[in-house]
Amino acid sequence: MFKDETSGGTTDRHMFEDKTSAGKRLAERFVDHDLRPDTVFAVPTGGVAVAEPIADRFNADLGLLVAEPVRPPSEDIPLGAVTDTGSTWIDGRLVEAFDIDKEKLEVEKQRAFREARNKHETFDKIGSDPTPEGVVAIVDDGIVTGTTMKACTTAMAEVADTYTIAAAPVGAPDSVAELHAIADDVLVEEDPPSFKLLEQFYESFDPAVVPQWSE
């Protein structure tokens, strides 16, 4: 159990057994909100095991949407992210705070795009992605800063005639609120007031799940 001590006391919070069980619970959240995804995109690698039971629950097409963080020099905090489709989400506040040169930022964005494409090409050896249509769910194993999810929902927002849902078993409230400005809807099962490690919500946490479906 996760101990939530942010309010001054100690409170037990339910953890997910693993990512598959988290995905099954998240699928029921879709049912509760009367949402039925036609297409599900997993954000690899963490979102794959969560997305699979959701796609199974609704008999939805399943694909991947890869996002690579954009980082300032010598810093671990991501400025944003770029998807394998070329869509970009950048936090202008951090760019200003770190005083990032525009040319250096562009170089880093191009690096992130190439890396995202390379990762997706590796996954493409296993399967192919569906065409997004109708209700589209983008699924990850958690939303902490929300950087990669914001880039992914930005990418899907550029696709006409789709209703985009950002979904994860757990999400930081501030990041979830910011996602509402990009996605048509945001679904999370747990939204603790603060946390540092996503792993603390899972009894079994494997960050490197490789998709196993095929065409």
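1. A pocket here is an open set of points, on a 1 Å grid over the protein atoms alone, where a 1.4 Å probe fits and protein lies on both sides within 12 Å along at least five of seven lines; lining residues have an atom within 4 Å of a point. This is a predicted model, so local features need pLDDT of at least 70 and side-chain atom pairs count only at pLDDT 80 or more, while totals for chains, interfaces and linings use all residues. Residues are numbered from 1 along each chain as its sequence is written, and side-chain values use heavy atoms, without hydrogens or water.

2. Second largest pocket. Its volume is about 210 Å³, a volume being the space filled by probe spheres set on the points, with grid points joined across faces, edges and corners. The lining has 16 residues; Val 144, Thr 145, Lys 150, Ser 175 and Glu 178 lie nearest the centre. α3 (92-97), α5 and α6 (173-179) each give two or more residues to this lining. α6 gives the most, with four. Helices (H or I, at least four residues) and strands (E, at least two) are DSSP runs, numbered from the N terminus.

3. The lining of the second largest pocket holds eight nonpolar, three polar and five charged residues. Nonpolar covers Ala, Val, Leu, Ile, Met, Phe, Trp, Tyr, Cys and Pro; charged covers Asp, Glu, Lys and Arg; the others, Gly among them, are polar.

4. Largest pocket. The volume is about 750 Å³. Of its 30 lining residues, Pro 44, Pro 69, Arg 71, Asp 140 and Thr 148 are the closest to the centre. β5 (67-70), α4 (102-124) and α5 (147-157) are the elements that supply two or more lining residues. By class, this lining splits into 14 nonpolar, eight polar and eight charged.

5. The sheet. The chain has six helices and 10 strands. Five strands make an open, parallel sheet in the order β4-β3-β8-β9-β10. β4 (61-64) and β10 (185-190) are the edges; each has a single partner strand, so one side of each lacks a neighbour in the sheet. The twist averages 25 degrees from one strand to the next. Two strands pair if DSSP finds at least two bridges between them.

6. β8 (residues 134-139) and β9 (residues 162-170) run parallel and are joined by six bridges. Val 135 stands opposite Tyr 163 in β9. Five bridges join β9 to β10, also in parallel. There, Ala 167 stands opposite Leu 187 in β10.

7. α1 (residues 19-32) lies across β8, β9 and β10, at about 130 degrees to β10. α2 (residues 48-58) lies across β3 (39-42), β4, β8 and β9, at about 170 degrees to β3. Axes are lines fitted to C-alpha atoms, for helices over the stretch in contact (heavy atoms within 4.5 Å), and angles run from 0 to 180 degrees between N-to-C directions.

8. Burial. Buried means under 20% relative accessible area (1.4 Å probe, protein chains only). Of the 215 residues of the chain, 49% are buried. Eight of the 11 residues of α2 are buried, so α2 is largely enclosed by the rest of the structure. Among them are Val 48, Pro 53, Ile 54 and Phe 58. Their cover includes α1, β3, β4, β8 and β9. β10 is also largely enclosed, because five of its six residues are buried.

9. After α2. Asn 59 follows α2 and has a positive phi, near 50 degrees.

Conventions. Buried means under 20% relative accessible area, exposed over 50%, partly exposed in between (1.4 Å probe, protein chains only).
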